[in-house]
Amino acid sequence: MCSSDLILAACEITGAQAIHPGYGFLSENAQFVQAVEDHGITFIGPTAEHIRVMGDKITAKETMKALGVPCVPGSKGGVPDLATAQRLGEELGYPVIVKATAGGGGRGMKLARNAGEMESAFLTARSEGKAAFGNDEVYIEKYLTTPRHIEIQVFGDGKGGAVHLGERDCSLQRRHQKVLEEAPGPAISAEERARIGAICADAVAKINYAGAGTIEFLYENGEFYFIEMNTRLQVEHPVTEAVFGVDLVREQIRVAAGLPMSFTQEDLQINGHAIEVRINAERLPNFSPCPGRITQYHAPGGLGVRMDSALYDGYVIPPYYDSLIAKLIVHGRDRTEALARLDRALGELIVDGVDTTVPLFRALLGEPAVQTGDYNIHWLEHWLETQMAV
Ligand code: MV4
């Protein structure tokens with residue numbers, strides 16, 4: 001039996017009425033959700049159909065565009081052959097990026113900086129899509145050179161009602177793994193937030209979306225460009241919970257139970273600033289996984305400090321999963337206060353026995369670009385390269 005069959009069997013044996021999928025494994029698996037639906041069990045999240053539409057990046061983009069969401073200029077749907085790809089490259093102007101429709105999160109993407117690179121980018125994206133996802137369909141977009149990654153949190157009641165809970169700036173990434181996330185975005189004004197937030201809430205309301213969702217954008221020169229939608233609650237949702245003072249998991253369960261959301265758009269006001277750092281059991285500078293036994297653990301605390309972790313003295317981090325072992329979320333009246341709390345909380349934290357990414361965050365807090373929020377999606381990888389050189 002596969003894991004989804006085992007989970008359905010467990011529901012039958014225990015009489016569980018609903019499944020909360022978390023944010024990994026099966027949370028965006030349309031087949032699993034279809035099986036849950038077919039068994040008359042409630043999936044705490046969107047329908048299998050919504051997951052399917054957003055899982056295919058071409059249909060996701062077409063859907064969002066039709067709903068009035070601003071998208072990256074690019075091909076209309078899939079690109080069938082190299083000649084079409086080359087024509088699009090000329091039309092859009094290089095650089096362009098070729099993306100596998102079944103990819104996402106950075107997988108199956110190839111950059112073509114000029115016409116000479118198109119053939120290899122097109123063929124590689126197509127064969128990677130085929131090999132990794134069994135789908136060789138690709139699409140092409142204008143490549144944005146120095147954007148931020150800004151994602152809008154949305155929440156739908158499944159009956160045509162929806163709200164947005166502002167944005168998170170998740171630009172600090174390494175190899176498509178987020179390292180630090182914050183809300184609100186340091187570069188986003190209240191007017192921009194209200195405008196793009198309303199567009200997103202309106203879009204998911206029109207498709208009767210149920211539960212938590214994240215609409216991902218690249219943000220450059222004051223413009224938002226849709227790239228993907230995640231149909232799950234995300235790892236970094238606590239920064240949104242902190243600044244809006246809401247429990248998103250509670251809302252997910254309410255909506256799944258057929259209850260209304262416990263707030264309206266007007267109720268949702270941003271209070272202060274929140275930052276999350278992902279503490280991974282990894283050895284710097286290569287970020288190689290570092291599983292093993294925790295010999296000493298002490299969590300930070302106090303006002304505005306949330307430590308989401310299952311660690312304890314003696315806990316053994318297994319080597320089978322990803323290396324995220326804790327999320328430290330700090331909240332302050334403003335960004336400066338949140339940064340100060342982060343610094344203090346990292347100083348209190350003790351995780352002994354394995355290497356962690358804590359020293360990375362201590363170093364990052366000393367960087368002017370981090371202190372001012374003046375970074376983009378490439379800043380961290382550039383910075384790490386300069387650090388290696390010292
Ligand atoms: C892009 C892009 C530039 N232009 N699309 C990477 C992950 C996937 N979600 C989309 N990604 C990108 N798409 C266009 N048209 C640059 C990236 C990208 C990126 C995006 C967000 C955060 C970090 C990133 C790191 C490298 C590339």
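This is a predicted model: local features need pLDDT of at least 70, side-chain atom pairs count only at pLDDT 80 or more; totals for chains, interfaces and linings use all residues.

Me: OK, what's the phi of H176 like?

Reply: Its phi is near 65°, a positive value in a residue other than glycine. For background, most residues other than glycine have a negative phi.

Me: And how exposed is H176?

Reply: H176 is partly exposed, with a relative accessible area of 46%.

Me: Which other non-glycine residue has a positive phi?

Reply: N208 has one, at about 55°. You'll find N208 in the loop between α7 (190–206) and β9. With 40% relative accessibility, N208 counts as partly exposed.

Me: Switching to peptide bonds: what kind joins Y94 to P95?

Reply: That one is cis, with omega near 0°. P95 belongs to the loop between α5 (82–92) and β3. There's also a cis peptide bond between L284 and P285, where omega is about 5°. P285 is in the loop between β12 (282–283) and β13 (288–289). In general, most peptide bonds are trans.

Me: Let's zoom out. How is the protein divided into domains?

Reply: The division gives domain 1 (3–55), domain 2 (73–142) and domain 3 (148–389).

Me: How far apart are the centres of domain 1 and domain 3?

Reply: Their C-alpha centres lie 25 Å apart. The two domains do touch: 13 residues of domain 1 are in contact with 18 residues of domain 3.

Me: Now the ligand. Why does it lie between domain 2 and domain 3?

Reply: Because domain 2 (73–142) and domain 3 (148–389) both give residues to the shell around the ligand.

Me: Which residues come nearest to the ligand?

Reply: Out of the 18 residues around it, the nearest are K99, E141, K142, L144 and E228.

Me: What does K99 do with its side chain there?

Reply: An N or O atom in the K99 side chain is 2.9 Å from a nitrogen atom of the ligand. E141 has a polar side-chain atom 2.9 Å from a ligand nitrogen, and for E228 a polar side-chain atom lies 3.0 Å from a nitrogen atom of the ligand.

Me: How much of the ligand does the protein bury?

Reply: The protein buries 92% of the 520 Å² that the ligand exposes when taken alone.

Me: Which strands supply at least two residues of that shell?

Reply: β3 (96–104), β5 (138–142), β9 (210–220) and β10 (223–230) each do.

Me: And how do the shell residues divide into nonpolar, polar and charged?

Reply: There are eight nonpolar, five polar and five charged residues in the shell around the ligand.

Me: One more residue, then. Where is H237?

Reply: H237 is in helix α8 (residues 237–244).

Me: Is H237 buried or exposed?

Reply: H237 is buried, because its relative accessibility is 5% and the cut-off for buried is under 20%.

Me: Which backbone oxygen does the side chain of H237 reach?

Reply: The one of Q234, at 2.7 Å.

Key:
Residues are numbered from 1 along each chain as its sequence is written. Side-chain values use heavy atoms; hydrogens and water are left out. Helices (H or I, at least four residues) and strands (E, at least two) are DSSP runs, numbered from the N terminus. Buried means under 20% relative accessible area, exposed over 50%, partly exposed in between (1.4 Å probe, protein chains only). A polar contact is a pair of N or O atoms within 3.5 Å; within protein, one must be able to donate a hydrogen and the other to accept it, and residues adjacent in sequence count only if both atoms are side-chain atoms. A residue is near a molecule or strand if one of its heavy atoms lies within 4 Å of it. Accessible areas come from the Shrake-Rupley method with a 1.4 Å probe; for residues, only the protein chains shown count as cover. Ala, Val, Leu, Ile, Met, Phe, Trp, Tyr, Cys and Pro count as nonpolar, Asp, Glu, Lys and Arg as charged, and the others, Gly among them, as polar. Domain bounds come from an automatic or database domain assignment. Contact means heavy atoms within 4.5 Å.
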